[in-house]
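Subject: Structure handover

Hello,

Here is the structure we talked about, with the sequence alongside. My notes on what was found follow below it.

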Amino acid sequence: MYISNNHISRRAVLRGIGASVALPFLEAMVPARSLFARGGDGAAGRKLRFVALEMVHGSAGSTPIGIQKNLWAPAGVGRSFDLSSTVLSPLEPFREHVTIVSNTDVRNAEAFAAPEIGGDHFRSSAVFLTQTHPKQTQGSDLHAGVSIDQIFATKYGQDTPIPSMQLCIENVDQAGGCSYGYSCAYTDSISWASPSQPLPMIRDPRLVFDQLFGVGATPSERKERRSEDRSILDWLGTSIDRLKKDLGAADRARLDDYLQDVREIERRIQKVEAYNTSGEPRELPGAPIGVPDSFTEHVKLMFDLQALAFASDLTRVFAFKLGRDASNRVYPDSGFKGAFHSASHHQEREDKILDFAKINKYHVSLVPYFLEKLKNTPDGDGNLLESSVILYGSPMGDSNVHNHKRVPLFMAGRAGGALKGNMHVKAADGTPIANAMLTVAHKLGLEMPSFGDSTGELDLNVAATDRA
């Protein structure tokens, strides 16, 4: 380990003309006198990160047939569970970092009054991270709750240049009223800064890249920069060389790897933009030019950007909406060619439920790509996966009947050691999902007596059978 008395600030950036790139964690950022004095920081001293991933339309495993066949949750609880029959099987390589929570409900997404019946698709996303029943309105008098990502951002977001970021995959720019008397704002966002303020979500990877790396002060400047067909790293050469002179060999290698990641992501975005402006037919003709037609590529680009943001400590919280309710997108990589929303209305037929499970498994299969990125990214004396919580779930259960019972949910990451992983927790019947989210909030250091309709914590490190 190279130990220098030349301490580099964690907020140091590489600056060029019209661009800036924050640095990854380097050994030189730890003063020599405190390097060994800090000892074992553990969960208390580690900077924690939080990512919330929402996928709409519930899960095949929430149906009676799906429960019988263990299509979502495995049969075994505690640490002795087998994922092979479940749509969660792609998580097997990371089971030591995964906590599965089954049999919880999202009551606040249910209809509370007769006029709300049938409007589940148009209010559910607003409930996912707020666990609050939204007011039925198509006007500007929105009312839901503050989402858990924004509660986290309120406490920790002031320590980073960007308090939080909100990303999405589908088109969520449908202003005005949607259906069943609900504003599209409820459908389009999962992140709420206040009960009346849903936050806009960014679909275009180029916009995310530009926000993270300060490329151009105005849209016209950013467009001009892109037209030059150069990398932002080309504008940073002098500052990169100057910094490397003060770094040890390990830090130089780490910086090179990080900058190569930045360049590779930029190159992929440029490749997408080049194709989408070439005149070739697009699968998503109305999407921004930076959005790949491929769902897989789009999600992976967004995951890569989140991993870079965490590595450079530009932000510590993301809300990522992977789908939009009632979307009939087709996912050919899933092995099933049917439309998403149509597949979710399977009439409780086993063959159709198994087809729907293919889509669920495909969606889950993209998450390990992100987990691998985080695991391979150093963070202090550990890695980013150890110091993060990635929450994946849906506010709907059996979408064929629009219920919100036995909803899919899992967490990945260790929250700095507060989550043990390799655990399947099966909650008692009627347990609110808000109990699990309240527990996650506490693991992340948030002091909250309750959240949504929570009735208390749900122990995520001990199975129900062990508690008994």
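A52 stands opposite A319 in β8. That pair belongs to the pairing of strand β3 (residues 49-54) with strand β8 (residues 317-321), which run parallel and are joined by 5 bridges. Please keep in mind that this is a predicted model.

The sheet

The two strands are part of an open sheet of 7 strands, in the order β5-β8-β3-β11-β12-β4-β13, with mixed pairing. The edges are taken by β5 (165-168) and β13 (423-432); each has a single partner strand, so one side of each has no neighbour in the sheet. From one strand to the next, the twist averages 15°. Helix α15 (residues 433-443) packs on this sheet, where it touches β3, β4 (98-105), β11 (388-393), β12 (409-412) and β13. The direction of α15 makes about 130° with that of β13.

Is C168 buried or exposed? The relative accessible area of C168 is 0%, so this residue counts as buried. The rest of β5 can be read by face: M165 and L167 lie on one side, Q166 and C168 on the other, and all four are buried, so both faces of the strand are covered.

On the other part of the sheet, β12 has two antiparallel pairings. With β11 there are 4 bridges in the antiparallel sense, and Y392 stands opposite F410 in β12. With β4 there are 3 bridges, again antiparallel, and V98 has A412 in β12 as its bridge partner. Both faces of β12 are covered as well: L409 and M411 on one side, F410 and A412 on the other, are all buried.

The disulfide

How many disulfides does the count give? The count comes to 1 disulfide. The pair is C178 and C184, with sulfur atoms 2.0 Å apart. The cut-off for a disulfide is 2.5 Å between the cysteine sulfur atoms, so a distance of 2.0 Å qualifies. The torsion about the S-S bond of C178 and C184 is about 115°, so the disulfide is right-handed. C184 has 3% relative accessibility and therefore counts as buried.

Helix α13

Helix α13 (residues 350-365) has 16 residues, which at 1.5 Å a residue should span 22 Å. Which residues of α13 are buried? They are I353, F356, A357, I359, N360, Y362, H363 and V364. An α-helix has 3.6 residues a turn, so residues three or four places apart point the same way. The cover over the buried residues of α13 includes the helices α3 (64-68), α11 (295-311), α12 (340-344) and α14 (367-375), together with the strands β11 and β12.

Two single residues

Q270 sits in helix α10 (residues 249-276). The relative accessible area of Q270 is 17%; the cut-off for buried is under 20%, so Q270 is buried. Leaving aside residues up to four places away in sequence, Q270 touches R206, R230 and R263.

S140 is found in the loop between α4 (120-128) and α5 (148-156). With a relative accessible area of 73%, S140 is exposed. The C-alpha atoms of S140 and G177 are separated by 9.9 Å, and the two residues are 37 residues apart along the chain.

The chain as a whole

The protein chain holds 16 helices and 13 strands. Of its 468 residues, 59% are buried. Among the contacts with a separation of 6 or more, 72% are between residues 24 or more positions apart. The accessible surface of the protein chain comes to about 18300 Å², and 51% of that belongs to carbon and sulfur atoms.

Regards

Notes:
Residues are numbered from 1 along each chain as its sequence is written. This is a predicted model: local features need pLDDT of at least 70, side-chain atom pairs count only at pLDDT 80 or more; totals for chains, interfaces and linings use all residues. Side-chain values use heavy atoms; hydrogens and water are left out. Two strands pair if DSSP finds at least two bridges between them. Axes are lines fitted to C-alpha atoms, for helices over the stretch in contact, and angles run from 0 to 180 degrees between N-to-C directions. Contact means heavy atoms within 4.5 Å. Buried means under 20% relative accessible area, exposed over 50%, partly exposed in between (1.4 Å probe, protein chains only). Accessible areas come from the Shrake-Rupley method with a 1.4 Å probe; for residues, only the protein chains shown count as cover. The expected span of a helix is 1.5 Å times one less than its number of residues.
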